[in-house]
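I opened my notebook to look at one protein structure.

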Amino acid sequence: MLNFGRSRNQSRTARGTTMGGLDYPDPKRKGNFVGKVFLAAILTTLCIIMIKRSPSLNSSSPFAVREPGVTHVLVTGGAGFIGSHATLRLLRDNHRVTIVDNLSRGNLGAVKVLQELFPEPGRLQFIYADLGDPKSVNKIFLENKFDAVMHFAAVAYVGESTVDPLKYYHNITSNTLLVLESMAKHDVKTLIYSSTCATYGEPEKMPITEETKQVPINPYGKAKKMAEDIILDFSKNSDMAIMILRYFNVIGSDPDGRLGEAPRPELREQGRISGACFDAARGIIPGLKVRGTDYKTADGTCIRDYIDVTDLVDAHVKALEKAQPAKVGIYNVGTGKGSSVKEFVQACKIATGMDIKVEFLPRRPGDYAEVYSDPRKIKRELNWSAKHTNLQQSLQIAWRWQKSHRDGYGVSNEMR
């Protein structure tokens, strides 16, 4: 420890001494002067560090400032299947994008593809973070200036939600609350929320409209509805522009073959039927398991509304364009047409050219017999309608990516 005080053997009456005709100042006074200079230097250094760390004063990153004519969109879950396709479209439309993903379900390989396609500074950044950590979420919003949030990040398997419901309530409901709180705190004005038709449960009447009563029958649908309720309650005293998109079963992939669906191997059984069909066609699994043949439908299997991911992303972009302050828009995103699981499997066989072995099993907990949308509202208000409605063609496009990416993106998700 530095001692700027008087030494023990120094005379109290000591004054400046003369040596060689030169006068030297009192050591005590010199010590005080040096101490003050040292303290001033420390304080100056601390001030410089604080200024550099302040996002409001640090303009070295284009993501930390709002730029006229540039819309900066935070895409949560942007490393996932739907989120990565949405990011691609936003970047093509000249938006600035920040992806936040913890890679528990997403793929670092998808992020790398996007970074290679859009390497220009200020276009795309990736932040590895968990939206369940309040400090991390606040830090992200503090250090970046977002104009809008597209909130995709969520676990999304019906079967898994019945086995591990708490994971779904934490990941979907709680995390949405944290995102919304940070948006309000940091004055982010637009939210596009990725919801699901699972919030409707099993309605008595088809097709499903936005006014259909929401009675979810599995934890996935319940968690999404709770998140919607939080958003709607918040909107009553907020000027935030909010769009809630309830979409149906997503298929397809990027028509140019840059992105595709690559679920984690341990989750293949929980995943989409299209992924299971492709795995069976490639011999990764011995065959396709169809759960439930005793539903009250024409062929006994579930009926679903299959929406191509390209159309789904287009709906999100239109929602972003049409969002208005202090207003909430709620829309179903689907084709308006249902196909049975058996019809889907037949289309997959034709698309892949493979004779896929099919095993019929009992129902999966939490599934419902028939769900398809009435898309008239989104057509009327957002001028959106599905264009890729040929099931076989959507599957063929996805199959091309799957055939050339047997190991998915072939990139480890490990962050170094």
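**Entry: the model.** I noted that this is a predicted model.

**Entry: the sheet.** I looked up the strand order. I found 7 strands in an open sheet, running β5-β4-β3-β6-β7-β8-β13. Their pairing is parallel. Which strands stand at the edges? They are β5 (124–128) and β13 (328–333). Each has a single partner strand, so one side of each lacks a neighbour in the sheet. I also looked up the twist. From one strand to the next, the twist averages 15 degrees.

Entry: I picked β6 (residues 148–151) and β7 (residues 190–196). They pair in the parallel sense over 4 bridges. I asked what stands opposite H151. I found Y193 there, in β7.

**Entry: a helix on the sheet.** I then turned to helix α3 (residues 108–117), which packs on the sheet. It touches β4 (96–101) and β5. The direction of α3 makes about 160 degrees with that of β5.

**Entry: salt bridges.** How many salt bridges does the structure hold? I noted 21. I looked up several of them.

**Entry: R96 and E67.** Their side chains meet in a salt bridge at 2.9 Å, N to O. The pair links distant parts of the chain, 29 residues apart. R96 sits in strand β4, and E67 sits in the loop between α1 (27–53) and β3 (72–76). Is R96 buried or exposed? Its relative accessible area is 7%, so R96 counts as buried, under the 20% cut-off. E67 has 38% relative accessibility, so E67 counts as partly exposed.

**Entry: D314 and R89.** These two form a salt bridge, and their closest N and O atoms are 3.1 Å apart. D314 lies in helix α9 (residues 309–322), and R89 lies in helix α2 (residues 81–92). D314 is buried, with a relative accessible area of 12%. I then checked for further partners. R89, D93, D314 and K318 are linked in a network of salt bridges.

**Entry: R282 and D279.** I looked up one more pair. R282 forms a salt bridge with D279, with the closest N and O atoms 3.1 Å apart. Are these two residues buried or exposed? R282 is buried, and D279 is buried too.

Technical notes:
Residues numbered from 1 in each chain as written. Predicted model: local features only at pLDDT ≥ 70, side-chain atom pairs only at ≥ 80, totals over all residues. Heavy atoms only, no water. Pairing = 2+ DSSP bridges. Helix = DSSP H or I, 4+ residues; strand = E, 2+ residues; numbered from the N terminus. Axes fitted to C-alpha atoms, helices over the stretch in contact; angles between N-to-C directions. Contact = heavy atoms within 4.5 Å. Salt bridge = Lys/Arg side-chain N within 4 Å of Asp/Glu carboxyl O. Buried < 20%, exposed > 50% of the residue type's maximum accessible area, 1.4 Å probe, protein only.
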